[in-house]
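Student: I'd like to go through this model with you and ask what stands behind each label. Can we start once it is on the screen?

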Amino acid sequence: MALEGASFINAYNRGSARKLAQKLPNPTDKLDEQPARLVAVSEGISAVITGEISRRGNDYSISAIALDAVSGNVIAQAQVNAANKDDVLRELAKLAAPIRKGLGDTMPESAQLEAVRGPLTAASLEAVHEYGIAMEQQSLGAGKKR
């Protein structure tokens, strides 16, 4: 949501991307860097955003990298740290500003953060996880009445 706040950024549907990744010469269900770049190139998408989260004790390190889909060159990258699980959501939004800037956005980071606070608020990471699963199932057409 934080990335799509820029008028020139449109997120590609993950369900559609997964279906296309299953049709690659080396079919996969994962959308890690290589399959995501191949799908992006085939769909005329210029950049791919990858992310990683790691945990050490109670601390979390979260990173995001914007890559040129064709060359794989890094366009922008960002990393934040969270002191505990409860801080992950608060820190996560801060990843978007450097990525958006690298992609050409001129909106100040403070305005970006304020805009992100509205669409999704949750008390826990588990709630956001469940929301993500529901959105992915919806994009795949799960739960449609027949």
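Student: Which residues does Glu 43 touch, not counting residues up to four places away in sequence?
Tutor: Glu 43 touches Tyr 12 and Leu 20. Contact here means heavy atoms within 4.5 Å. Before we go on: this is a predicted model, where local features need pLDDT of at least 70 and side-chain atom pairs count only at pLDDT 80 or more, while totals for chains, interfaces and linings use all residues. Residues are numbered from 1 along each chain as its sequence is written, and side-chain values use heavy atoms, with hydrogens and water left out.

Student: How far apart are the C-alpha atoms of Glu 43 and Leu 20?
Tutor: They are separated by 9.5 Å, and the two residues are 23 residues apart along the chain.

Student: Why is Glu 43 called partly exposed?
Tutor: Buried means under 20% relative accessible area, exposed over 50%, and partly exposed in between (1.4 Å probe, protein chains only). Glu 43 has a relative accessible area of 38%, so partly exposed is the label. Its place is in helix α2, residues 33-43.

Student: What does the side chain of Arg 37 reach?
Tutor: The backbone oxygen of Val 70, at 2.9 Å. Leaving aside neighbours within four places in sequence, Arg 37 is in contact with Val 48, Leu 67, Asp 68, Ala 69, Val 70, Ser 71 and Gly 72.

Student: How do you know that β1 and β2 pair?
Tutor: Two strands pair if DSSP finds at least two bridges between them. Strand β1 (residues 47-56) and β2 have 10 bridges in the antiparallel sense, so the pairing is clear by that rule. One of the bridge pairs is Val 48 with Leu 67 in β2. In the hairpin, 2 residues lie between the strands, and Gly 57 takes a positive phi near 65°.

Student: And over how many bridges do β2 and β3 pair?
Tutor: Over 8 bridges, again antiparallel. Leu 67 stands opposite Val 74 in β3. This hairpin has 5 residues between the strands, and Gly 72 takes a positive phi near 80°.

Student: What makes the link between the side chains of Ser 61 and Gln 79 a polar contact?
Tutor: A polar contact is a pair of N or O atoms within 3.5 Å; within protein, one must be able to donate a hydrogen and the other to accept it, and residues adjacent in sequence count only if both atoms are side-chain atoms. The contact between these two side chains is 2.8 Å, which is within the 3.5 Å limit. Ser 61 lies in strand β2.

Student: Which residues make up the largest nonpolar core?
Tutor: There are 11 in all: Tyr 60, Ile 62, Ala 64, Ala 66, Ala 76, Ala 78, Val 80, Ala 82, Val 88, Leu 95 and Ile 99. β2 (59-68) and β3 (74-82) each supply at least two residues of this core. The term covers a set of buried Ala, Val, Leu, Ile, Met, Phe, Trp, Tyr and Cys residues joined through side-chain atoms within 4.5 Å.

Student: Why are the buried residues of α3 said to be on the same side?
Tutor: In α3 (residues 85-92), Asp 87, Val 88 and Glu 91 are buried. They cover an arc of only 125° around the axis, so they sit on the same side of α3; the arc is that of the directions from the helix axis to the C-beta atoms. The face turned away from this buried side carries the exposed residues Asp 86 and Arg 90.

Student: What caps the N-terminal end of α3?
Tutor: Asn 84 does, with a side-chain oxygen 3.0 Å from the backbone nitrogen of Asp 86.

Note on methods: Helices (H or I, at least four residues) and strands (E, at least two) are DSSP runs, numbered from the N terminus.
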